[in-house]
Amino acid sequence: MRPCDLDRLYSVSRPAIHPDGWGVVSALRPDFAADAYVGQLWRVPLLGGTPRRLTRGFRDSAPKISPDGQLIGFLRAAPGAAPQLAILPAGGGEPLVVTDRKLGVTDFTFTEDSARAVFISAAPEEGRYGMLDGVGQAAEDPRRITTLNFQGDGRGYTIDQRKQVFVVDLPDPFGEPPTSPVGRAAKNTDEVPRLLPEARQLTHGDFDHAQPVVAGEAVIVVSARHEGRDRDLRGDLYRIDLSDGVATLLTDPAATGTNLFCNSPVVVGDDVYFLGGDLGPDGLGFVGTNSSVYRMPVAGGAAIRLTEPENLDFSALAVGVDGDGVLAILAERGVGVPVRIGWPGGDIERLVVPEGTSVTALAGVKDMVVASVVTQRSPSEVARLAHPSREPEVLTDFAAGLHEVAPPRVAQEIISTSPDGQKVQGWALLPDGPGPHPVLLNIHGGPFAAYGPNFFDEFQVFAAAGYAVLFCNPRGSGGYGQEFGRAIQGDFGNLDRADVLAFLDHALATLPELDGSRLGVMGGSYGGYLTAWLIAHEHRFAAAIVERGFLDPRSFTGHSDIGWFFMPAYNTADPLKQDAQSPLLLAGQVKTPTLVLHSEQDLRCPLGQALRYYTELKLAGVETELLVFPGETHELSRSGTPWHRRQRFEAIVDWWRRHLPL
């Protein structure tokens, strides 16, 4: 895969399943001509047949099917505009946009009668974000900030654009469309007709809301409304009445037994299932914390934890088949494993998947389970997992265009042993030819995240350029239990460093295709941290790339959107211990040529981290370059504009060509 092939990578949404046995997904891809992400809805037969495109919008995404099966709801975005809620007759017809929110719609759900939709939209303060004609953001009034939480990467300031809950009556998609009067008719009326239905705002106040799911005449959302929310990470479930907007707290610590960060609620009968991460008594214990599945009555009451958190970490709940428990994704050793969790005992049944797939989203209806998956050869497809008479099967081929120009390579697993006996899982992705090939050691971010064996565009590009790619999950990673994830707490650069170096040495010793005399190292975010830490202590690498790095714990506080809690939890609150874990303060030890790559609007690891690190390297006489992408955030490599993503790849390959020639 080459950088110019990025526009052939499709990303498939969570499937929406119709009771009649067909599914709908959105399939989005980067488009260089528009320098934006484009895509439409696709109808996918689940028991045989060819997928076909349903819509022809610029960017149609996030489909859901109404409870009566008559409507498909989705988010539609025009070029340069925010996404709005749209509906489409399930049997075919023209889509109808039903909202005109200034900052767009981020999520929605149907009511049980299918006559209304509940949606989430940012409600900007008066006079901000283009609400006043002719007043740009640079001319707005100053912001008065009194809280610790006031910004978010990719969003900017949050305190003046809270995400609120709205409800809107859905028009008949086959009804007479409204028109605006013109000519004589316009002269004879003072009324301005409303072309779209008027939405009613249900929630107000200085809190965000997310992940709506309807339960009778109420909607359950995730929000932080409690006193002290500015100094902890607790996020609760609230039941919001659809008639008057009255909010009822469901996951009070008295009901759950602890402070939880809740997400992914689903309603089954009279119960709500949800994921909860136990944050401990101070509400800040997020390090290495797995999410468990909980169940509680929609009406309120005791919350029952169904799964144990020490070794099991779940994500993305969905309603189970025939209303029997829930579906969930188990994050395990770099792979998403689909499971069914039953009630009352919380029994876990692993679902069979097509070979070599990792599940990213699930949906169930009647006796069928469908998923969005990553395969070894495709970044995103739709697969049928469970059916009484059919075997698991990948149903789509969105990667066909990529395969025409760049057949993907498949990674091989490597298990290494660190000096203290710790086993570390990783993989190698090799280029064409017998080698020996120059080697790129890649380090993931997080740190409580994980690489996996399936398709990853980064590694495909590097391997196609002629480099052997090594990647592993050192201590601190997710998917291996909480103890493994917490092993580096307060001690960055010790066990994690030992793990990646032992993995590198083991791979070099066991794979003759690798050239141990030609090594490069790279990583982003926490991976940028460990890369910078390695090159301050190791001088075996021909060059390095430090991308969007977390490079100095002390200055992270007050600088990053998460700095006030992330750094003291991971690197301690002791300034001397913070400094002892700072790659920035060791820049004078670096001898490795280093490319520092960063985004201008990164609020997670702000640009100042890169500027200081680059300057210290420069002053120390290290061969170094700084590449800054305007307008991009921490998510550049995953969701940045298509041309910037392509230019990033080209710059990375160029750096390795110059410092690690083939």
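In helix α9, the residues Gly 563, Trp 564, Phe 565, Phe 566, Met 567, Ala 569, Tyr 570 and Asn 571 are buried. Buried here means under 20% relative accessible area, exposed means over 50%, and partly exposed lies in between (1.4 Å probe, protein chains only). The model is predicted: local features need pLDDT of at least 70, side-chain atom pairs count only at pLDDT 80 or more, and totals for chains, interfaces and linings use all residues. Residues are numbered from 1 along each chain as its sequence is written, and side-chain values use heavy atoms, with hydrogens and water left out.

Helices (H or I, at least four residues) and strands (E, at least two) are DSSP runs, numbered from the N terminus. The cover over the buried residues of α9 includes α8 (553–556) and α10 (575–580). Thr 572 follows α9 and has a positive phi, near 75°.

The largest nonpolar core holds 57 residues. A nonpolar core is a set of buried Ala, Val, Leu, Ile, Met, Phe, Trp, Tyr and Cys residues joined through side-chain atoms within 4.5 Å. The residues with the most contacts inside this core are Phe 286, Leu 470, Leu 514, Val 521, Phe 541, Phe 566 and Tyr 613. Helix α7 (residues 526–537) gives the largest share of the core, 8 residues. A second, separate core has 36 residues, including Leu 429, Phe 459, Val 461 and Phe 484. In soluble globular proteins, nonpolar side chains tend to be buried together. Phe 286 touches Leu 233, Leu 279, Phe 565, Phe 566, Ala 569 and Tyr 570, not counting residues up to four places away in sequence. Contact means heavy atoms within 4.5 Å.

Ala 463 lies in helix α4 (residues 457–464). Ala 463 counts as buried because its relative accessibility is 1%. Beyond its neighbours within four places in sequence, Ala 463 is in contact with Arg 409, Leu 429, Leu 430, Pro 431 and Val 469. Ala 463 and Asp 432 are 31 residues apart in sequence, yet 8.0 Å apart in space, C-alpha to C-alpha. Glu 483, in helix α5 (residues 482–485), is exposed at 66% relative accessibility. Its C-alpha atom is separated by 7.4 Å from that of Gly 288, 195 residues apart along the chain.

On a 1 Å grid over the protein atoms alone, a cavity is a set of points where a 1.4 Å probe fits but cannot get out. A pocket is an open set with protein on both sides within 12 Å along at least five of seven lines, and lining residues have an atom within 4 Å of a point. Grid points are joined across faces, edges and corners, and a volume is the space filled by probe spheres set on the points. The count comes to 3 cavities of 30 Å³ or more. The largest cavity has a volume of about 50 Å³. Its lining includes Arg 409, Leu 429 and Phe 459. By class, this lining has 7 nonpolar, 3 polar and 1 charged residues. Ala, Val, Leu, Ile, Met, Phe, Trp, Tyr, Cys and Pro count as nonpolar, Asp, Glu, Lys and Arg as charged, and the others, Gly among them, as polar.

The second largest pocket has a volume of about 960 Å³. Of its 32 lining residues, Arg 59, Leu 103, Gly 154, Arg 155 and Thr 633 are the closest to its centre. The lining has 11 nonpolar, 12 polar and 9 charged residues. β7 (71–77), β14 (161–169) and α12 (636–639) each supply at least two residues of this lining. Gln 164 is found in strand β14 and is buried, at 3% relative accessibility.

Some backbone geometry stands out. Most residues other than glycine have a negative phi, and most peptide bonds are trans. The peptide bond from Gly 435 to Pro 436 is cis, with omega near 5°. Pro 436 lies in the loop between β33 (423–429) and β34 (437–443). Gly 446 and Pro 447 are also joined by a cis peptide bond, with omega about 0°. Ser 114 has a positive phi of about 65° and is buried, with a relative accessible area of 7%.
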